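Hi,

Here is the structure I promised to pass on.

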Amino acid sequence: MATFKEFRNNVKPNWCPGCGDFSIQAAIQRAAANVGLEPENLAVISGIGCSGRISGYINAYGLHGIHGRALPIAQGVKLANRELTVIASGGDGDGFAIGMGHTVHAIRRNIDITYIVMDNQIYGLTKGQTSPRSAEGFKTKSTPEGSIESVLSPLEIALSAGATFVAQSFSSDLKQLTALIEAGLNHKGFSLINVFSPCVTFNKVNTYDWFKENIVNLSQFPDYDPTNRIAAMNKIMETNGLLTGLIYQNTARKPYEDLIAGFQPEGLARQDLKLTSDEFDKLLSEFK
Amino acid sequence: MISQLSWKIGGQQGEGVESTDRIFSTALNRLGYYLYGYRHFSSRIKGGHTNNKIRISTKPHRAISDDLDILVAFDQESIDLNAHELRAGGVVVADAKFNPVLPEGVEARLFPVPITSIAEELGTSLMKNMVASGASWALLGLPLEVFNKAVEEEFGRKGPAIVEKNVEAVKRGSEFVLELAGGPLEEFRLEAADGKQKLFMIGNEAIGLGSVAAGCRLMSAYPITPASEIMEYLIKKLPKFGGTVVQTEDEIAAVTMAIGANYAGVRTMTASAGPGLSLMMEAIGLAGMTETPLVIVDTQRGGPSTGLPTKQEQSDLNAMVYGTHGEIPKVVIAPATIEDCFYDTVEAFNVSEQYQVPVIVMTDLQLSLGKQSCEPLDYESIKIERGKLVHDALELEPNELFKRYEFTEDGVSSRVLPGEKYGLHHVTGVEHDESGRPSENAVNRQKMMDKRLGKIKGLQIRDAIRVEAHHEELDLLLIGMGSTGGTIDEARARLEQDGVATGQVTIRQIHPFPTDLLAPYLERAKKVIVVENNATAQLASQIKMNAGYGNKIHHLLKYDGNPFLPLEVYTACKELN
Ligand SMILES: Cc1ncc(C[n+]2csc(CCOP(=O)(O)OP(=O)(O)O)c2C)c(N)n1
Ligand code: SF4
Ligand SMILES: [Mg+2]
């Protein structure tokens, strides 16, 4: 069995020192080892942004695609070979602005992949513009007078779109983050894990200290029941979305792959492509 | 006896025009006639005039006929809109219910048949289609048993009572019209066909069938006219072979999902029309940059924007050839016949894997939706070629990555699929080194660009151009692509009869352009006419840009939403010659 070190490669991330994304990378590597994966059985598909570079920093199969499209690519990979473990990852702009349409529909579709959003409430790579996760009034290069749009709540959206796994974490809490990624990898269906990942260069408001002061860990509520969707929605609203932990999980709903008629457990990519001449003749007979 | 005939049914959309056509032509197919259909429809579902026209012949014809022999009309509008096509001596079979009249100047015979009343007497006006097709069949003097057999097949599932009712409707329709006409019409008596039942399908079905044969097992797509039949066909078939179709949230998801699935090793395609193709552009660049195989079908319709969504056009050529930013290798293949739709789809998958490039299969609305006879399709002749796909990559040193983008002589590198033990590598749309790691090194950049772009130099598909040129020197050379091939073919035959030495080239490999193959014919021609369904002569521009001969090249353009008729091409050529 591979150790977390085997998920490391020798590429030096080009993230700024102190960037929250480092811990997310480490947590993914640990979680992959903890759930018993081998590097060749993991595919990490990422979007474009500082965060999107992550697929290049993990020793596994990796595809760094185009801005906002990590999810459809990742779903394609999983449908082609469901024997692979597929992680999709990217920034808050990637997943909740340009890729929001895909996010909602990937949630509805419930293909068994794990989606880790590296949420820094800003556009890092393009050097500090507002994101759908930026708070109202937040001043950025593109909102010099402060953002006048309301902040988007991906957790609420995920719940209303029929999500079967919703979690949130903080990149400083490596232990919780690793555990949640493991849970996401083990979950049969689509898992959304939104991770607060401070951008030390362009976000001077949502800093490490700010998160430490403002977030609540669900472990503080021993009675919290993550299988209760209404309770989950209430808790998100009560905490203004600043909560961490496993927020909701539904294990009853089967993943998309299990619901496709005739879909085999063996990866499609490994199946034979040839038809028998009988099969072909049968296809032709419809056109006579 | 005649060797061909043209028949049309018109009515309101949703009124049974489609099913009348289907039953009538299925029965004709049983007798072995060659059929070529044309659907005129608008983007409304119910209501609005629609008509289907079929050319029936004892030899293959791949064009709509210039005129019309028999018009079946469910309403007066169908007569008013279509009677001008009738040749002198043509026939109109019309529903007596609306007191049909022929427009002034139309020299045709009118047979009012109480189509609706007969159907209603038998229980439901839904059976109008049976009465109408039965009447048409009777006028041609064709054997009724064959027709009844087709009816039985259409309704067999619904039980013998329903079959019987429909057979009765056919009988009543045919008896009524024969009484009016005094028996079958001798001038419409068709020579016997070869009796060999043909395959009969639309281009989109041939593409769907081709993709199953090619080993495509996944499709991700978003519905659009005139592409949807491809996904509708595959959703019925792929589950039988372990695969599936995903209807995505948009075409960006469709194409990127296909890229992901191809990357992971399953032949996957998407299909759309112009608006969807526009949305896919950025992702096509990703496939080019990451050397990921990808097959996209673009069934062209009238553009720009929503344009004429249910009409014929060939105006996406530039978008297919030039679309996506930056410079990538890309292949554009244009099937010209129904058989091409099948074989080219297979070839598209092979090329996409052999060269590791996106391949666009370009059709047009008439080729995609026109139902036509198809020669037997040979599965045995198909080879699935996956190029440099390796399954047992050699062991790597610790921290060494598989050289997915290794520089090679032909520019194509070995490809491994995720899951392969010694195949780890990175894939990115960022410029990268041989292992796929991002690199801005200037030397590497140029080498990588040359590698990618160089891959398709010299690429030549089966019948990259298709030629008919039987004279050393050509007075006229007609060039076209897609569904116009059959029309040009007919115009050429007429010109030849007039003594004009005429040649014809159908361009099937649109990109990379087959300059060397085409140039000798351009050289041999005094005049060249490029026939295409667009306003800016996009194919002619490719020819001039790649092969030259601009001074000889003339344009014949049509962009009113309708396919060319043979006579139009013939007349334009006569004027020019
Ligand atoms: C189609 C397209 N539009 C714009 C860009 C430019 N762009 C790259 S990353 C990015 C946003 C990055 O923000 P986020 O997704 O939050 O990632 P982060 O850098 O913060 O990790 C933008 C706008 C692009 N690459 N592609
Ligand atoms: S700009 Fe921000 S998000 Fe990007 S690497 Fe630096 S700290 Fe991280
Ligand atoms: Mg961000």
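How do the residues of the shell around ligand 1 divide into nonpolar, polar and charged? They split into six nonpolar, eight polar and three charged, where Ala, Val, Leu, Ile, Met, Phe, Trp, Tyr, Cys and Pro count as nonpolar, Asp, Glu, Lys and Arg as charged, and the others, Gly among them, as polar.

Before going on, some bookkeeping: this is a predicted model, with local features needing pLDDT of at least 70 and side-chain atom pairs counting only at pLDDT 80 or more, while totals for chains, interfaces and linings use all residues. Residues are numbered from 1 along each chain as its sequence is written, chains are lettered from A and ligands numbered from 1 in the order in which they are written, and side-chain values use heavy atoms, leaving out hydrogens and water.

Back to ligand 1. Residues from chains A and B surround it, so the site is shared between chains. Of the 17 residues around ligand 1 (a heavy atom within 4 Å), C50(A), S51(A), D92(A), G93(A) and D94(A) come nearest.

Now the polar contacts (pairs of N or O atoms within 3.5 Å). Oxygen atoms of ligand 1 sit 2.7 Å from a side-chain N or O atom of D92(A), 2.9 Å from a backbone N or O atom of G124(A) and 3.1 Å from a polar backbone atom of I122(A). The protein buries 77% of the 580 Å² that ligand 1 exposes when taken alone (Shrake-Rupley, 1.4 Å probe).

As for ligand 2, its shell has seven nonpolar, two polar and no charged residues; among them are W15(A), C16(A), N120(A) and F202(A).

Cheers

Definitions and conventions: A polar contact is a pair of N or O atoms within 3.5 Å; within protein, one must be able to donate a hydrogen and the other to accept it, and residues adjacent in sequence count only if both atoms are side-chain atoms.
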